Amino acid sequence: MAEYRIRHCERQLEGGIHPETHKDLSTSAPCVFIDDPKRLVFPIHFSGGGPGESLVSIGDTVSQGTPIIKCRSGIIHVASRAGKVIDITDHAITHPSNDVSASIIIEPNGSKDQSYLEPLVWPFDADTLRDRAIEAGILGLGGAGFPSFKKWSDGTQTLIINAAECEPYLTADDTLMRIDTHSMIRGACMLSQTLAIKTIVIGIEDNKPEALEAIENALKESRSDCFFDIVLLDTKYPSGSARQLVWLTLGIEVPTGSRSVESGVIVHNPGTLAALSRAIDGKPITDRIVTLTGEALTTPKNVIAPIGTPISYLIEATNTNPASLASITVGGPMMGYPVTDFDAGITKTTNCLLAREVEIPPESPCIRCGACATVCPVRLQPQQMVFALKGGSLDRAIHEGLTDCIECAACNAVCPSHIPLAEWFRLGRFEAREQANEQRLATEARERFEARNRRLERIAQEQEAKRAARKAKTADALEKARRAREESA
Amino acid sequence: MTEALWTIGSGVIGLSVVGLVGGALLQYASKAFKVDGNPLVDSIDALLPQTQCGQCGHPGCKPYAEAIANGEPINRCPPGGQETVDRLANLLGVDSLPLDADETTADQDLVAVIIEEECIGCTKCIQACPVDAIVGAAKLMHTVIVDDCTGCDLCVDPCPVDCIDMVPRPKAPDYWMPDRPEIISSDRFGQIGMQHG
């Protein structure tokens, strides 16, 4: 058995809130497989891993596991079911823009054709594992979709499994840990052994006793010699935010502007590690667990659905008529975004579809109660930042710490004036990134301009030197000729 | 009497020594920590957009930064837009001015594109480009490195066959910017009740 210990977290999350969790809505029903839908949608630029290019053409027949999209980051997305590419066209996407984007549409043909990768044979090195993660399309399945291989740097001390799942309503990770525990543990062990990581920490909120029990049982059965440090966190939002989790479990504060990797810590979602385990066996990501929940769904539950399944198909799987819903929230109630076109297909980062009706009163003026500052887990002053952003002063907001905001929306949840603070911060952070990008381009332009000026100056000097040399040579020759003439005379 | 002289003398000598030591230190510091160039020019240059377009009447951003440091008006940079004027005003502690440009040229993010079928390979645009963003060789087709182009349009006039267009800078295919959250929809972040008790 693998060695492990369970300890209660001795640190307290700064700020944070205790929202109603509503998790039993979806955990009370068993997790089921979704039958293959009529069509699958794969957005070329929005499948995670950056903008991509299509590797297939209309009319191609694909197997389950055939590469169909290659992203700029290298990540390859595969067809989640065997079928035929019936179209490559602009199609609704699962994205906060609620826009259309170039997508590959596949019609599954019901065959079990598979085109998987060769299983990796232990022992393998880190580069082999990175290549495998790229080929198998492994992204952070927790919601951010960051290409996992980019986190795997040498010299990492600790792997944290982010099993907190602090967002209300979400139970996809909880479900995965109950039914796919061994894959998660195996993925974590394989990754740790490859990168020579010493400790694996599991950060889990204390409202998941079933998942904890499953993990304990799996560890008892495991033959791995990794050490697992299970940290029980108080149920408080947002303890599952990567930076907050690193602080809670290890006491390490990840500095502003750097990633946890730079502090020697890798944070992965349980689903990512389970997917990695299967990728080592040759199976790319083709399915994921999605929580279908919310009071507006007739039978909420967790499902295992092919990537690309249209949202409408999943709503129907809960015996609910999609036409009865105006919009559905992708992700949880705190950080999710509404999607209105249910033809859009789920992506690797779609962990939850939440349907419910909530009345939000209109925004009132800020009364400076400071509630937002009290709950901010990053200890920012959200009211100050929002004043700056509303006034159009991005620089001021950045000075107040905008770039450290994790967009957890705890401030939104407690604001008595219902000010959409987190929306402002999201916009501000986008603008700040854009501004930083412009700054970088300007710096590069300056460097090229100065390099060009130096080059032109150098060329001019060289030509001047050559001219002077030529002139001297000519003068010399003339002088000689003159002397020769004088001598002969 | 001697005591008084002694007191005064020791004071004079003591303070002289302090003065000399301090003077020597200052002399040393002024040599060792000498700043080359005007640091204000660099601060101003950092705020300018580095398009090197010359629309301000100077051959590049750095020369304009030097001119501003010498008292030239701060509102002559159309690519920077009003935002840059405001930042310069903030840096220099002066009142902001309205941008000295007509609305059409101000703050448009453009890049040059060479119509490659029509390019005759004369290299005139390559020589005009202040940031080396055009590649090509004599009698061979040229092309613009879009990511490096600052949109200064200095290459447009020298082209003898008018095959250079200025077009809006292309966005990445996954570019997206959220709307301003002025209107409150029922779909927003953090819509959740709190636990009681």
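The following questions and answers explain the terms used for this predicted model and apply them to its two chains.

Residues are numbered from 1 along each chain as its sequence is written, and chains are lettered from A and ligands numbered from 1 in the order in which they are written. Because the model is predicted, local features need pLDDT of at least 70 and side-chain atom pairs count only at pLDDT 80 or more, while totals for chains, interfaces and linings use all residues.

Q: What share of chain B counts as buried, and what makes a residue buried?
A: A residue is buried if 20 or more other C-beta atoms lie within 10 Å of its own, exposed if 12 or fewer, and partly exposed in between, with C-beta atoms placed from the backbone. In chain B, 24% of the 197 residues count as buried.

Q: How many helices and strands does chain B have, and what makes a stretch one or the other?
A: Both are DSSP runs numbered from the N terminus: helices are H or I with at least four residues, and strands are E with at least two. Chain B has five helices and four strands, in the sequence pattern α-α-α-α-β-α-β-β-β.

Q: Which domains does chain B have, and how do we know their bounds?
A: The bounds come from an automatic or database domain assignment. Chain B is divided into domain 1 (39-92) and domain 2 (110-168), and the centres of the two, over C-alpha atoms, are separated by 25 Å. Six residues of domain 1 of chain B and seven residues of domain 2 of chain B take part in the contact, where contact requires C-beta atoms, placed from the backbone, to lie within 7 Å.

Q: Which domains does the assignment give for chain A, and how many residues are in contact between them?
A: Chain A has domain 1 (3-34 + 116-302) and domain 2 (361-489), with C-alpha centres 37 Å apart. Here 12 residues of domain 1 of chain A are in contact with 11 residues of domain 2 of chain A.

Q: How do we know which residues of the side of chain A that touches chain B are nonpolar, polar or charged?
A: Ala, Val, Leu, Ile, Met, Phe, Trp, Tyr, Cys and Pro count as nonpolar, Asp, Glu, Lys and Arg as charged, and the others, Gly among them, as polar. In all, 39 residues of chain A are in contact with 29 residues of chain B. Helix 13 (421-488) of chain A is one of the elements that give two or more residues to this side, and helix 13 of chain A gives the most, with 12 residues. By class, the side of chain A that touches chain B has 24 nonpolar, seven polar and eight charged residues.

Q: Why are strand 1 and strand 13 of chain A called edge strands?
A: Strands pair if DSSP finds at least two bridges between them. Five strands of chain A form an open, parallel sheet in the order 1-12-11-10-13, and strand 1 (3-8) and strand 13 (265-268) of chain A each pair on one side only.

Q: What makes strand 1 and strand 12 of chain A a pair?
A: Six bridges join strand 1 of chain A to strand 12 (residues 227-233) of chain A, and the definition asks for at least two. Within this pairing, E3(A) stands opposite F227(A) and R7(A) opposite V231(A). Strand 11 of chain A also meets the definition with strand 12 of chain A, through seven bridges, and I202(A) stands opposite I230(A).

Q: Why does one side of strand 2 and of strand 17 of chain A lack a neighbour in the sheet?
A: A second open sheet in chain A has six strands in the order 2-15-14-18-16-17, with mixed pairing. Strand 2 (32-33) and strand 17 (337-339) of chain A stand at its edges with a single partner strand each, so one side of each is left without a neighbour in the sheet. Inside this sheet, strand 14 (residues 287-293) and strand 18 (residues 352-354) of chain A pair in the parallel sense over three bridges, and T293(A) stands opposite L354(A).

Notes:
Two residues are in contact if their C-beta atoms, placed from the backbone, lie within 7 Å.
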